[in-house]
Amino acid sequence: MRTSVIVCADRSLIAVRALDLLVDGLRMAIRLRGQAHLALTGGSSAAALFEQLCSDARSDRVDWARVHVWQGDERFVPWTDPDSNWAAARRHWLEHADGPHIPASQLHPIPVDQAIAEGRDAAWAAEQYAAELDRLLPGVDDTPALDVVLLGVGGDAHILSTFPGTAPITEDRRSVMPVAAPTHIEPHVARVTLTPRLLRAAGLIIVMVPGAAKAGVMTECFGAVRDPERWPAQLAIRPNAVWLLDADNAPMP
């Protein structure tokens with residue numbers, strides 16, 4: 001399946017190109033429907049993009065009051081925990097002094113904080129989030145349609161919290177699922193994740209992969225063998241995706 005791949009000189013330029021794509025994708029959605037829906041990722045690639053969003057004047061081209069912000073996945077920890085993706089997004093972008101002015105009603109964290117406070121589990125948080133997606137997002141073929149989805153890729157080729165050999169890889173009905181705590185990658189806590197089926201309906205997927213440590217994974221993902229059970233990131237090799245790699249990890253032609 002064809003996809004767009006851009007090789008950047010280094011990780012800082014990945015964030016610059018991601019910002020360009022993000023701004024264009026959100027502006028297009030706002031022009032078409034009057035609002036835009038963005039799903040965030042976590043990890044180091046997200047942190048670099050958040051910094052770019054706060055420091056680069058191009059982010060001011062987006063009417064952030066018309067943007068809804070969602071999560072691609074979350075660790076089952078309270079927002080006070082340093083492993084919380086939502087806490088990082090708030091700290092580094094959403095509540096930063098130079099961050100966007102988005103109405104609180106348009107911020108949609110996965111309700112793990114509420115679930116933990118009420119003694120509920122990750123499955124409950126997944127069900128609540130799926131219902132919220134269905135209620136607020138336009139649909140394409142019965143699938144909630146996000147306008148822009150940000151993704152990183154883990155050292156084991158996972159995207160979202162869809163790890164190798166796990167149920168979300170082949171899930172074709174649910175939009176959100178709980179995921180048991182991985183034993184092979186930190187932090188070893190349960191997760192709640194959007195399922196890769198949502199990528200089919202997304203307007204634009206931006207996959208950010210910085211660093212030489214991902215070189216082997218990129219070689220496998222873009223190799224001749226397609227096996228998402230081993231390399232879930234292959235599910236993001238799609239016509240509606242742009243992969244931003246750097247010179248240290250881009251596969252040789």
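Select helix 1 (residues 11–33) and colour its buried residues, where buried means under 20% relative accessible area, exposed over 50% and partly exposed in between, with a 1.4 Å probe and protein chains only: they are I14, A15, A18, L19, L22, V23, G25, L26, A29 and I30. Helices (H or I, at least four residues) and strands (E, at least two) are DSSP runs, numbered from the N terminus. The model is a predicted one, in which local features need pLDDT of at least 70 and side-chain atom pairs count only at pLDDT 80 or more, while totals for chains, interfaces and linings use all residues. Residues are numbered from 1 along each chain as its sequence is written, and side-chain values use heavy atoms, with hydrogens and water left out.

Stay with helix 1 and check its ends: at 1.5 Å a residue its 23 residues should span 33 Å, and because the end C-alpha atoms are 33 Å apart, the two values agree; the expected span is 1.5 Å times one less than the number of residues.

To see the contact (heavy atoms within 4.5 Å), show R11, A15, V16, A18, L19 and L22 of helix 1 against S44, A48, L49, Q52 and L53 of helix 2.

Now move to strand 8 (residues 148–152), where five of the five residues are buried, so the strand is largely enclosed by the rest of the structure. V148, L150 and G152 point one way, and V149 and L151 the other. Strand 8 pairs in the parallel sense with strand 2 (residues 36–40) over two bridges, pairing being assigned if DSSP finds at least two bridges between two strands; look for L38 opposite V148. Strand 8 also pairs in the parallel sense with strand 11 (residues 204–209), over five bridges, and there V207 is the bridge partner of L151.

Finish at the open sheet of three strands in the order 4-10-9, with antiparallel pairing. Its edge strands, each pairing on one side only, are strand 4 (73–75) and strand 9 (176–179). Four bridges join strand 9 to strand 10 (residues 191–194), and M177 stands opposite T193 in strand 10.
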